[in-house]
Amino acid sequence: MERLTLDDEDPSGARGFLVWRAGSGRTVEIFDIAVPNEYRRQGHGRTMVNKLVDRLMPTNVVLLWAITRSDNVIAKQFYEELGFRIVANLWNFYQDTEQRNTVDAVMYGRDLSEKVRRAWAEKHQGGQS
Ligand SMILES: CC(C)(COP(=O)(O)OP(=O)(O)OC[C@H]1O[C@@H](n2cnc3c(N)ncnc32)[C@H](O)[C@@H]1OP(=O)(O)O)[C@@H](O)C(=O)NCCC(=O)NCCS
């Protein structure tokens with residue numbers, strides 16, 4: 001697991017954090033992302049995901065994915081706004097501790113494969129020389 005925050009001025013993640021890990025193959029999972037209530041809707045979540053994407057672009061990772069509860073409307077809007085698409089609907093994915101109730105989840109994926117990668121490289125070419 002690796003953890004990133006907004007910037008160097010917030011090493012503890014008081015304004016938000018993102019936890020990610022390498023999955024099987026060339027995939028990376030956003031395991032958790034959270035921004036405290038008072039800092040929400042200021043672009044912090046977007047900044048952290050973009051930071052992770054920038055970090056993954058020069059690597060061979062082709063898919064960034066995340067799973068969230070189906071009833072988490074905000075998270076779903078968030079991922080869709082950031083270019084993620086639904087990969088799978090995961091029925092009864094989460095189970096509560098007493099194992100009485102189940103909650104559906106949605107798996108989102110963002111394609112980081114060649115086409116996207118090339119566009120990113122072209123955009124950043126000037127800054128690399
Ligand atoms: C999901 C979460 C991380 C978003 O963080 P954030 O910093 O508020 O998000 P941003 O400000 O970067 O928002 C980016 C876009 O997501 C969408 N979005 C974010 N919050 C939204 C809300 N409350 N309602 C509708 N859309 C929302 C918007 O499209 C937004 O772009 P806009 O503000 O230009 O319209 C935050 O709401 C959170 O911590 N939620 C609780 C934890 C959680 O559910 N994590 C995800 C599952 S692991």
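I'll start with the sheet: strand 2 (residues 17-22) and strand 3 pair in the antiparallel sense over six bridges. Two strands pair here if DSSP finds at least two bridges between them. Helices are DSSP runs of H or I with at least four residues, strands are runs of E with at least two, and both are numbered from the N terminus. Before going on, a note on the source: this is a predicted model, in which local features need pLDDT of at least 70, side-chain atom pairs count only at pLDDT 80 or more, and totals for chains, interfaces and linings use all residues. Residues are numbered from 1 along each chain as its sequence is written.

Back to the hairpin of strand 2 and strand 3. Four residues lie between the strands, and Gly 25 has a positive phi near 65 degrees. Ala 22 has Val 28 of strand 3 as its bridge partner. Val 28 also stands opposite Leu 64 in strand 4. Strand 3 and strand 4 (residues 63-69) pair in the parallel sense, over four bridges. With helix 1, these two strands make a right-handed β-α-β unit. Right-handed means that, with the strands pointing away from the viewer, the path from the first strand over the helix to the second runs clockwise.

Now the whole chain. It has three helices and six strands, in the order β-β-β-α-β-α-β-β-α along the sequence. The C-alpha atoms fill a box of roughly 60 × 35 × 25 Å along the principal axes. Of the 129 residues, 19% are buried. Buried means 20 or more other C-beta atoms within 10 Å of the residue's own, exposed means 12 or fewer, and partly exposed is in between, with C-beta atoms placed from the backbone.

On confidence: pLDDT, the predictor's confidence in each residue from 0 to 100, averages 93 over the protein chain, and 97% of the residues score at least 70. Helix 3 (residues 114-128) is lowest at a mean of 79, and helix 2 is highest at 98. Where pLDDT is low, the predicted coordinates should not be read in detail.

Next, the ligand. Which residues come nearest? Of the 18 residues around the ligand, they are Arg 40, Gly 45, Arg 46, Ala 75 and Glu 81. Strand 3 (27-34), helix 1 (44-56) and helix 2 (73-81) each give two or more residues to this shell. Helix 2 gives the largest share, five residues.

Two residues other than glycine have a positive phi. Arg 41 has phi near 60 degrees and sits in the loop between strand 3 and helix 1. Arg 41 counts as exposed because it has 9 C-beta neighbours inside 10 Å. Asn 92 has phi near 55 degrees and is in strand 5 (residues 85-95). Asn 92 is exposed too, with 10 other C-beta atoms within 10 Å.

Last, Met 107 in strand 6 (residues 102-111). Is Met 107 buried, exposed or partly exposed? Met 107 is partly exposed, because 17 other C-beta atoms lie within 10 Å. Beyond its neighbours within four places in sequence, Met 107 is in contact with Trp 65, Ile 67, Val 87, Ala 88 and Leu 90. Contact means C-beta atoms, placed from the backbone, within 7 Å. Met 107 and Ile 67 are 40 residues apart in sequence, and 4.4 Å apart from C-alpha to C-alpha.

Terms used. Near = placed C-beta within 6 Å. Contact = placed C-beta atoms within 7 Å.
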